[in-house]
Structure formats: C-alpha cells, structure tokens
Amino acid sequence: MPRKFHGLKKPKVRQDWSKETLYNLSRLVTPPASRKTFFQQKWLAKSMTRAYHNPYVREGQWTRMFDRRLPAVVSMNHQYLARHDGSEQASGRGSGVEESPMARFDGERGQENRIDKTPYMHMTYHPLERRLDTAIWRALFASSVKQARQLVVHGWVKVNGKKMIYPGYQLNPGDMFQVDPERVMYATGARKRKKTSPVSDQDLRAEREADEQGSRVAKSREEQELEEQSEVEDEESEAGAATLESDEELEVMGTKPEDEQDAKKAMKNLLARAKRILEDSKRKLSGKRLQELRAFTQSLRKTMSKHGSKTESSQADEGSIEDLEVALAEIMTKIPEDSASTEATSTQQAKASADAINKSANPQMQDPEKTDEYVARKDAELLHAALERARANPVDPTKPYATPWKPREFMSAFAFIPRYLEVNQNICSAVYLRHPVARPGLAEVPTPFHSETMALAFNWYLRRR
Amino acid sequence: MPPRISTSRLTQPQTCECFRSRSRKSPSTPAPSTRQFHATARHGTRLRRNMWEWFQGPGRVFREPLPGSTNYLSAYDKQGNLLRARRNQQEDPEDQDELDQDEDAIVQRELDQGLDDVERENRAIDRATKRSAREEIEERGGIPPERQGDMRPYPLNQSFKSQPVLSEDLREQLYVQVVHYRHDVSSVAATFGVDIRRVAAVVRLKTIEKQWEEEGKQLAKPYAKAVLNMLPTTPFKPETSKPITPHEPINDLPVHPRTRQQIFYPTSESRQFTREDAAKVFDSKLLPADQRIPLPMLVDLERWKLQGLGREERQKKQREMDDAARTAIETAARKKAAWEASALRTVPGRRWDFKFEDISAEKVGKDGRGRQAVGYRYGMPHEDRKRGMVKIPTSVE
C-alpha cells in the first residue's frame, strides 16, 4: 500500500469519492508514448491502472486472477433471426452480396451505419469486479473500496442471508449481498462535525458561502416572497383561485432536494401552509376546527423556534414531530367531514359535487366556496406529506452521520451503477446478476483510463514481456 | 566584478540589516496560517493550492448533485459550465396554455368542436405525455435532459457510460406483474425490455422490502431518494402514449470461445449454408444463435407471424411449447427421484443424513487423479488448515 495514497505530484485515480480523486480525474491524461520504450509504456500503464483497480489485492494474487480470455456478448435481433437463416451471408459470388451504400445509410444519424468495435481491452480487470468489496462500492453502498472492505470485515455485510467476513469473496451470479442500512447511511452520508451535534461540515460551508456571495440575492428574494405573499393575501379576498397556484409553487419549493433535507426549512414551509389553510378556510370551517388548526400552527412555530436555538435533545425533537403528525392526522380526518357538511347546506347535490372536486385538478372553473374547501383539503394533504418526509429523515444527533441525512459531497460525480448489479436502495441490498461483459461500443467494467492505456496494461499481464 | 542580479529577481527587499535580526516576513505576502493541515486553511504546496483553486472554480459544481439529473465530469467544459445548458429551446406558448387548462374544460370544448371519440382519446394521451415531459423538465429546474456524451463519468474512457437503472415505479410494476398477476418471468422480461435475471432479482429484492415494511424495519428512504435522483432511470409512465421504455437488450448472445477463431471452410456454392451449419463447423456440439439466446421464444413467435399464422394459432402453439417444456422438466425431476430411490441409501443421523452411493473405481483414470473420480485429491495434503491459509468460501447457499 503506497504511503501517499492521495498525492498530487504523481496523481493516481483511486476507487473512492474523495475530492483528490475527482481533481486527479479531471486532469488525467493518457501518458505520451513518444519518448518511452515499450516496456516503460507498459509499466506506466500497469501502475496507473493497478492504482485504481483494487491495490489492496497483492500483485501476485492479481496475476493469478488475471485471465486473457475476456468475456463479451453480442445482442441479437430476434426479428432478424426469424427472417433469415444465415445463408444470406454467403449469397452472391465470392464474399457475399454487395450491399448498396443507400441501405447502409442511417437517416436518423445522418451517417453510415457502422457496427461499433467491442472494447475488449477495457475488460482487463473484470475478475476484480467479482470481489465482494468492489461490488459493494459499485452498488454505491460505500464511499470507497477501502470502506467497503472495512464494512465486510466488521461483519455488516450478508451474502445470501449469511454473514460474510471475507472482502475477497468471489460473488457468483445470482448472489445477493446486503449491507446494514445504518452503515450505508453512515458511509455515504455527510460527515458530522462534532459528536454531539447533527450538523455537518458541508452544511456549514454551504451556509458560509451563501452568506459571502448570495446574501444580497437571498435578501432580495426574501423580500420578493414577502411581497408575493401579501399580494396573495389581498387577492384571496377577491378570489381563492390564486392561492392554489402560489401553494403549488410552495410545493415545488418544498420538493427541491436541498430544501427537504433541511428540516428547518421544511418546518417553515409547513407553517406557511398551515397559515394558508387557516386563511382560506376561515369562512367555511367550523369554529372548533379553526381552533385546532390554530393550535397546530402554534405548536409548529414552537418547534421551529426550538430548531433555531439548537439546544433541544433528540427525544424532544422526535417527540414534537410525532405530536405534530398526530395532531395533523386528527385534523385531516375532520376536515373532509366539515367540508361535506357545509356543502350539504349550501348545495343540494352534495356528493356528486364532492366527487367532482376530488377529480378536478384545477378549481379555476368552479365557484369560490368549493375552491376553498378543495384548497383546504389539498393543503392538509401537502402538510401531511411534508411531515411524512420530515419524519423519514429526522434530525437526530445520536446518529453517527449528519442529520437530516444528505449525500456526502462529490458523490454525484461518481454515482453510477453498472448493469451487472441490480440494486434496491431501500433495503441496501443488491444482486450480482452476472459477470461483467463487453458489448459492441460498451464495456461494463468501469475504468477511468483510455483504451490505449488499458491495452498496454493487458499486455503487461500477458507474461511474455 | 561580482555578478549583477537584477532587483526584481530577489525575493527579499535589499536591506543592510543582518539576516538574523531581520524579520522573516516579507511585507507583500501575509504570514502563512498556523493550521495548514485544515481544509479551509491556506495550503502550502503549489499543487494543493491549484487543487483548491479548481474546487473554488470549475470543480464547485460537483459538490452538490444537480436536481433530478446526473452530474458527471464530461457534462461540463473546462470552465465548469454545463455544456447542454447552452442551447435552450423554447416551447410553443399555445401548447403551454392548453396544458395549464383544466382537463374537463378541454374535453367539453372538444365535444363542442364535434371531434369523435378516437380523436379525443388520442389528444388526451398526447396532453398527458406533454404534461409529464413538462413536469420532468420542471423537476430538473429547466435544464434540458442529458445527452449521450453527458453520461460518461470518466472523460477519457469513451466506451463506458452510466446506463439507466430501473425507477421505483418500474420495479413496483415488475413485482406486481410477476407476483400478483402471476405472469411468466420471461414474458414479463420480453414485454418490459428487462433482462430475465434482472426481473427475478427485482422480485426477490422487492419481496424482502415488503417484508421489512411489514416488520416495521427502518428502510433507507432518504438514501434511496438521493441516489435515484443522481442516477439516470428508466421510467414507467402508465398513462402516457409510450408507457414502456425498453431498459436493456434482452437477447444477448455470449461470445463462445470456440467462435473466436477464424476458420476457412470450403463448401459448395449451391449449398444452403445456414447458421446451424456454421455452428457445427466451429464445434460439433455448438448450437446456433437462435437457440443460445436467453429468449428463443421470441424468434419462434416472429417466425410464426411471418408464416402468416393467426393470433389464436400462435397462442395455441406457444401454449403447447410451454406445456412440453414443463413436462420435460417434470419428467427429468421424476427420473432423478427414481434414481435416488434406487441408487442412494440414506441413513438418518442425529444431525446429518448419511447418503451412500455405489461408485466406479475406473473413473480415476491412468494417473489415479481423474477430476470426476472419488478421492480426486488422494495423496495430496489439504493445505487450507495450515497457519496463515485463509479459506474463503466459494459459494454461499
């Protein structure tokens, strides 16, 4: 194991999601061959590729695993197979029938149809992809192969339901491996800054940057939002239709990933929505419901202030969110009743119209009474969904990772899952479907190097050098 | 005469003060921070500084994922600008207006215009498709969808790209098709354009997920959501004009090692030299491509269609073939059971059953070490119990 794992002087791309790897990847080049002997070229290619492809496997071990027969597939067209029996390839004199250039021309792409070459050389390291630790990393359950290896050694990984402690276990096609979800969240989530607080370095940096650069922008945006809100409130007295649109905007804002990660912002959204419900349904809801909604808003505000001070314990926080949930569920059950009863008094065909309200996506065409009820119910639903999200991803300082959970930085640049794995992220399990293969134009072993480099490395391991 | 050095090449301003008493700090550059190891502190080496510069500039975009899109290196230029964001197309404003309107109102208007049912249905599907497309774009925050070139996480490697994974909806649909509707795995695979093994794996994983949900076990929901947002996914849109997007090629033919050689095989010009004959030339036991693909059923179906058989006839034929396959499997199982009953003698023990079977001593071959023979390793010591020998299992049942 080299001492300078993430050095910048001799940049090596490693199997991890670190910033050094990303930087080295961005300036990775194929080494120029003009002034090197063939041996030197091969040596360099070998050392570059082995630094990426599991340097924890010793060189001797790897040379025994190396196989010069590289697997490939060709995808067949069943319609072609049904139409021809293969004799058409031999038809014509000599070497087959001449195809007209027009037949080979692909109109969609505007160029001649040519069959891609199969990139065999990129499959040089395919035996290493069978290893359990590599497969765990490829399934995005760990941030590096080293970490995946540690997960295995520490006993957090099961293969086909049995504990497997060997990172070098060669997966067989059809094997299912499971990693403990808590460990996965820890391995791939943002790191905590301190043991006692749920805040991560990433959050702090994001805040600082926002302060430095976008303070003016943020301010102006806030002002705009305030103005919009006031406008909406003015409009509400005239027609309730406009509120829905603004609510939908709010909803869109709420579903943005960065917002939903932030429990505080989610709470803010909740508060705004509760306010909306209150204002919209003032006319139609009964007094008791109104009181309940108001109480709910207050409790929400309390939790918000708690979040602001950041002094609460985890249990209190969880408890408060759960309380809110229960309260909202109660209100939810009562609101439809209310709206139904008011409808009954106001109009004769109560049930038919209720159905119509349920179905209609946009209440613009309907009279304002129905609109209000519709908005109230829809808001309650939105509120419920937002609370659900907050509950699924709570703030909890007892967890080993920063909460609410957030992927660690630079993960997205490395996030891909090769086709030989089928992953279910919810249960942090994956199935190793088959061995990786090359197909025309595509190699399934992910490797950052150019085919030239890979060919040189393949040649190195052919023994006759 | 001493060599003349221009003042600009000197790092220190020239003073007459002794270098011992002189302060080390030059007035132009501030003192380096004491905590150089910290991530936010100033960095000593030029290489580190360059790295941090890159992360302040072009590398900044990789810190956080792009909402609803992949975020790979090849999607950006050297300055860190998103390549596909340059061209932005505008949609037809009239269409937008129509999409915003209420569905009932549009239907009413179409009725007034006197369109027939088929036309209206087509239009409704068209609208649904457009709406879902617009929702997608809005989800991505107005960025156009990724192109093929944007899907390469490794800029140097032209032949690797990040391929889509199954979306949650599609997984659920596959599970429903197999478990609730009891459809055949291979026919589900053919319909949805998903590999057979993948369908089986999805069902297996989904079953565990449902079980966990029932047990009340904590699922990694936030993780799943974040990861699926970063990855390209194959969608399933049941309401639109094109509900199914084929996920992957389903009829992959493995390249057989025997077919890697080039063979010069002279044959008469008048001969109908088919795939089957070609396979025979490569290896006497090699089957032709139509039988080696995972779903040979599709080829048969297509062949019957070309022969001009009707739908009922085709279905009947397929049913017959399925029945034949099932009976073959059953017969084989029965045969095996009969053989076991006759040839194996089972002695139940306290923890294990002991099974006795007659063997042939001839299998060992000339050197006594035939691979299929009993006692294959006889006379060779097992080394796996030695100190330092790690015995990794080769398979887990």
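Predicted model: local features only at pLDDT ≥ 70, side-chain atom pairs only at ≥ 80, totals over all residues.
User: Which residues form a nonpolar patch on the surface with about 270 Å² of accessible area together?

Analyst: Let's start from strand 4 of chain B, residues 345–348, where B:V347 is found. This valine belongs to a nonpolar surface patch with about 270 Å² of accessible area in total. Its members are B:V347, B:F354 and B:F356.

User: How are helix 11 and helix 12 of chain B oriented, roughly parallel or roughly antiparallel?

Analyst: Two packed helices are described by the angle and the distance between their axes. Here the axes of helix 11 (residues 296–307) and helix 12 (residues 311–343) of chain B come within 10 Å and cross at roughly 150°. Angles over 145 degrees count as roughly antiparallel, so helix 11 of chain B relative to helix 12 of chain B is roughly antiparallel.

User: Which residues does a cis peptide bond with omega of about -5° join?

Analyst: Good one to check, as most peptide bonds are trans. The proline involved, A:P404, is found in the loop between helix 17 (368–392) and strand 7 (421–424) of chain A. The cis bond joins A:T403 and A:P404.

User: What is the relative accessible area of A:F410?

Analyst: A:F410 also has a backbone feature to note: its phi is near 70°, a positive value in a residue other than glycine. A:F410 lies in the loop between helix 17 and strand 7 of chain A. A:F410 is buried, with a relative accessible area of 2%.

Methods. Residues numbered from 1 in each chain as written. Chains lettered and ligands numbered in written order. Heavy atoms only, no water. Patch = residues over 30% accessible without salt bridge, like charges linked within 9 Å, V, L, I, M, F, W, Y side chains within 5 Å. Areas by Shrake-Rupley, 256 points an atom, 1.4 Å probe, with all protein chains shown as cover. Salt bridge = Lys/Arg side-chain N within 4 Å of Asp/Glu carboxyl O. Helix = DSSP H or I, 4+ residues; strand = E, 2+ residues; numbered from the N terminus. Axes fitted to C-alpha atoms, helices over the stretch in contact; angles between N-to-C directions. Parallel < 35°, antiparallel > 145°, perpendicular 65-115°, else oblique. Buried < 20%, exposed > 50% of the residue type's maximum accessible area, 1.4 Å probe, protein only.
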